[in-house]
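The following exercises are intended for a reader who meets this structure for the first time.

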Amino acid sequence: MPNARCFNLPADVNIASTQYRLASLAAGLLGLLALAACTSTPAPVAAVTPSPAPLPAPVPFDQAVLKAANAVFSSIPADQTTRRLVVIDPLVNGVTGEQSEATRAIGARIVDLARDKYPQFDIEPFTPQAVGRSPYVMVGTFTPVNAQNQPAGDREAFRFCLVMADLQSGKTIAKGVARAQLDGVDSTPTAFFRDSPAWTDDAQVKGYINTCQATKVGDPISPVYLDGILTAAVISEAIGAYSAGRYRDAIDLYNNARTTKAGNQLRVFNGLYLANWKLGRTEPAASAFGDAVDYSLSNNRLGVKFLFRPGSTGLDTAGDGSQPYDLWLQQIATKATDRHVCLQVVGNTSKSGSAALNDRISLLRAEYIKSRLEADNPALNGHLIANGAGSAANLIGTGADNETDALDRRVEFKVIPAC
């Protein structure tokens, strides 16, 4: 029954009168409205969340390269009177910062495309001299991703990002994206990245990645990337010298990069270690690896490619003996002791195989490395904790179990506040 205060008709009216019938009709209508107001609660309006736009289907590798590159070049207004200088800072994996045969092929394909279709751009090598002329700089990332376009879980495609930045204005001026199929892509790291023993979240590499992935057209270039671009050009030349077997030239270039403002970075320390080791210079190599360890621990994270035999806690010493594990362990033990830090030693595996087995074997490998470090320096007893992450912290995530995803099988050292 309605509330009487909200709905009440007069009791002493003549129902038969025509006048009252009209009044009654109006009163009844008003009464119904009043009744609704008193007895009904308006239904809440459900918030409508728009569905995310479906991701484009991955396309073959070369098609993805052309899609992204054409999107960048074609969106830059052509100046009929001035040819613009363009340099390509070599593309990388958007998580690890590694260069691969695929990223190198992308760079070469972009150069060919520009020369064939966009003659208003002059492509020159990425050198300090070219950077000093304030060119357009192209950067890009090529990263294995899952069905949600994220670098996690089961990888189903490559996410391809390409950006053109103008050093004169300090802004991003064009961007292209695409998704490439996994099939037919050679993800083998180039020589320097394949051989590099240490990895961390290097600020300079993250600045490069953010310039591509975290910007839209018109945004400023990442200040970290911009401040280090001349150093990056020197490092790029050093990486080229190392890959060509010119190790003395590589050492000179890495030392040159080290003297610059942005020269305190892992690629420099890895490079000095590798080139000196190739020349049989054990002491400079050990010193450079120690610098890599020290730098990474100051960043609270050090990953090292201690590679184990399949299903084993024994280190893989097959091949040419190019992995001096004893030297690495000695430097890690020394630097950790000097810093008086507590470290969590974390074993990792690729995603292939049983998850339960991977969890177990990753822990056993971490415990093995922990015991080796404590044997090298007993002062570390009580300062190390072993843990196994299985495949939960994969950086590559393809499960290839070869040199393309060696970083997924790393042993990681994380600085922790207490032991």
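The exercises below treat salt bridges, aromatic rings, helices and a sheet in turn.

The model is predicted: local features need pLDDT of at least 70, side-chain atom pairs count only at pLDDT 80 or more, and totals for chains, interfaces and linings use all residues. Residues are numbered from 1 along each chain as its sequence is written, and side-chain values use heavy atoms, with hydrogens and water left out.

**Exercise 1. Salt bridges**

Task: State how many salt bridges the structure holds, and describe the one between Asp122 and Arg83.

Solution. 

Step 1. A salt bridge requires a side-chain nitrogen of Lys or Arg within 4 Å of a carboxyl oxygen of Asp or Glu. The structure holds 19 of them.

Step 2. In one of these, the side chains of Asp122 and Arg83 meet at 2.4 Å, N to O. This pair links distant parts of the chain, 39 residues apart: Asp122 belongs to strand E2 (residues 121-124), while Arg83 is in the loop between helix H2 (61-74) and strand E1 (84-88). Helices (H or I, at least four residues) and strands (E, at least two) are DSSP runs, numbered from the N terminus.

Step 3. Accessibility is classed as buried under 20% relative accessible area, exposed over 50%, and partly exposed in between (1.4 Å probe, protein chains only). Asp122 has a relative accessible area of 29% and is therefore partly exposed.

**Exercise 2. A salt-bridge network**

Task: Determine whether Glu412 is buried or exposed, and name the network that includes this residue.

Solution. 

Step 1. Glu412 has a relative accessible area of 2%, so this residue is buried.

Step 2. Lys414, at 31% relative accessibility, is partly exposed.

Step 3. The side chains of Glu412 and Lys414 form a salt bridge of 4.0 Å, N to O. Through shared partners, salt bridges join Asp201, Arg301, Arg410, Glu412 and Lys414 into one network.

Step 4. For a further case, consider the salt bridge between Arg409 and Asp401, at 4.0 Å, N to O. Here Arg409 counts as buried at 18% relative accessibility, whereas Asp401 counts as partly exposed at 39%.

**Exercise 3. Aromatic pairs**

Task: Classify the ring pair of Phe61 and Phe142, and explain why the class applies.

Solution. 

Step 1. Rings of Phe, Tyr and Trp (its six-membered ring) pair if their centres lie within 6.5 Å; planes under 30 degrees apart count as stacked, over 60 as edge-to-face and the rest as tilted. By this rule there are 19 aromatic pairs.

Step 2. The ring centres of Phe61 and Phe142 are 5.7 Å apart and the planes stand at 80 degrees, so the pair is edge-to-face.

Step 3. Phe61 in helix H2 and Phe142 in strand E3 (residues 136-145) are 81 residues apart, so the pair links distant parts of the chain. Phe61 is buried at 18% relative accessible area, and Phe142 is buried at 4%.

Step 4. Tyr325 and Trp328 form another edge-to-face pair, 5.3 Å centre to centre with 90 degrees between the planes. Both residues of this pair, Tyr325 and Trp328, are buried. Ring pairs link Tyr273, Trp277, Phe289, Phe306, Tyr325 and Trp328 into a cluster.

**Exercise 4. Helix H12**

Solution. 

Step 1. The buried residues of H12 include Leu327, Leu329, Ile332 and Ala336.

Step 2. Just after H12, His340 adopts a positive phi of about 55 degrees.

**Exercise 5. The five-stranded sheet**

Task: Give the strand order of the open sheet, and state which strands stand at its edges.

Solution. 

Step 1. Two strands pair if DSSP finds at least two bridges between them. The open sheet has five strands in the order E6-E7-E10-E8-E9, with mixed pairing.

Step 2. Strand E6 (198-199) and strand E9 (384-388) stand at the edges; each has a single partner strand, so one side of each lacks a neighbour in the sheet.

Step 3. E8 and E10 run antiparallel and are joined by six bridges. The bridge partner of Gly347 is Val411, in E10.
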